[in-house]
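This report examines a protein model through its helices, its sheet and its nonpolar cores. The structure is shown first, and the discussion follows it.

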Amino acid sequence: MAKKVVGSLKLQVPAGQANPSPPVGPALGQRGINIMEFCKAFNAKTQEMEQGAPCPTVITYYQDKSFTMEIKTPPASYYLKKAAKLKSGSNTPGRATAGTVSAAQVREIAEAKMRDLNANDIESAMQIVLGSARSMGIEVK
């Protein structure tokens, strides 16, 4: 018999750095999810990823206090800032450029994000990444 789903929760947790302190602990604790079990499982699943990369995670929790988690790839903005060597995007995107990335870097980011993007091929995935770059004030050369 299938487990009864109670709800789901979305968190953005740094890869390999899940711990019971806020925001992870309170968000899981108030839903009755075992915090330490989540932290150990999350850190084990993200140990091969770059440490500290923000990982959007969807946690589905069940009536018997068990849970499943789906860890997605870091946001395109994280990859773009890293490629352009920036701390943040432009304060006035469209007017001022914060940095530049090459078309090869955009393709690399699109390939890394492909499983989480709503795209059929790499060219359409690149267009999605280009839109993120434009909204951050990052120019593509």
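In helix α3, the buried residues are Ala76, Tyr78, Tyr79, Leu80, Ala83 and Ala84; buried means under 20% relative accessible area, exposed means over 50%, and partly exposed lies in between, with a 1.4 Å probe and protein chains only. Helices (H or I, at least four residues) and strands (E, at least two) are DSSP runs, numbered from the N terminus. These buried α3 residues pack against β2, β4 (99-101), α4, α5 and β5 (138-140), where contact means heavy atoms within 4.5 Å. Lys85 follows α3 and has a positive phi, near 55°.

The model is a predicted one, in which local features need pLDDT of at least 70 and side-chain atom pairs count only at pLDDT 80 or more, whereas totals for chains, interfaces and linings use all residues. Residues are numbered from 1 along each chain as its sequence is written, and side-chain values use heavy atoms, with hydrogens and water left out.

## Overall organisation

The protein has 5 helices and 5 strands, and their order along the sequence is β-α-α-β-β-α-β-α-α-β. The C-alpha trace spans about 55 × 35 × 25 Å along its principal axes. Of the 141 residues, 38% are buried. Among contacts between residues at least 6 apart in sequence, 59% join residues at least 24 apart.

The protein is divided into domain 1 (5-71) and domain 2 (76-140), with bounds that come from an automatic or database domain assignment. The centres of the two domains, taken over C-alpha atoms, are separated by 27 Å. An unreviewed UniProt entry places the feature "domain: Large ribosomal subunit protein uL11 N-terminal" at residues 9-67; UniProt positions are given in the numbering used here, feature names are shortened, and annotations may be inferred rather than shown by experiment. The span 9-67 is 29% helix and 27% strand, and its end C-alpha atoms lie 10 Å apart.

## The nonpolar cores

A nonpolar core is a set of buried Ala, Val, Leu, Ile, Met, Phe, Trp, Tyr and Cys residues joined through side-chain atoms within 4.5 Å. The largest such core has 20 residues, and those with the most contacts inside it are Leu80, Val101, Val106, Ile109, Ala110, Val129 and Ile138. Elements α3 (76-84), α4 (103-113) and α5 (122-136) each give two or more residues to this core. The greatest contribution is that of α5, with 7 residues.

Apart from this core lies another, of 18 residues, among them Leu9, Cys39, Phe42 and Tyr61. In soluble globular proteins, nonpolar side chains tend to be buried together.

## The three-stranded sheet

An open sheet of 3 strands has the order β1-β2-β3, with antiparallel pairing; two strands pair if DSSP finds at least two bridges between them. Strands β1 (5-14) and β3 (67-71) stand at the edges with a single partner strand each, so one side of each is left without a neighbour in the sheet. From one strand to the next, the twist averages 20°; axes are lines fitted to C-alpha atoms, for helices over the stretch in contact, and angles run from 0 to 180 degrees between N-to-C directions. Helix α2 (residues 35-45) lies across β1, β2 and β3 and runs at about 30° to β3.

Strand β1 is joined by 9 bridges to β2 (residues 54-62), and Ser8 stands opposite Thr60 in β2. Between β2 and β3 there are 5 bridges, with Tyr61 opposite Phe67 in β3. The two strands β2 and β3 form a hairpin with 4 residues between them, and Lys65 in the turn has a positive phi of about 70°. Because 8 of its 9 residues are buried, β2 is largely enclosed by the rest of the structure.

## Tyr62 in strand β2

Tyr62 belongs to strand β2 and is the bridge partner of Val5. Its relative accessibility is 15%, so Tyr62 counts as buried. Although Gly7 is 55 residues away along the chain, the C-alpha atoms of Tyr62 and Gly7 are separated by 7.0 Å. Leaving aside neighbours within four places in sequence, Tyr62 is in contact with Lys3, Lys4, Val5, Val6, Phe67 and Thr68.
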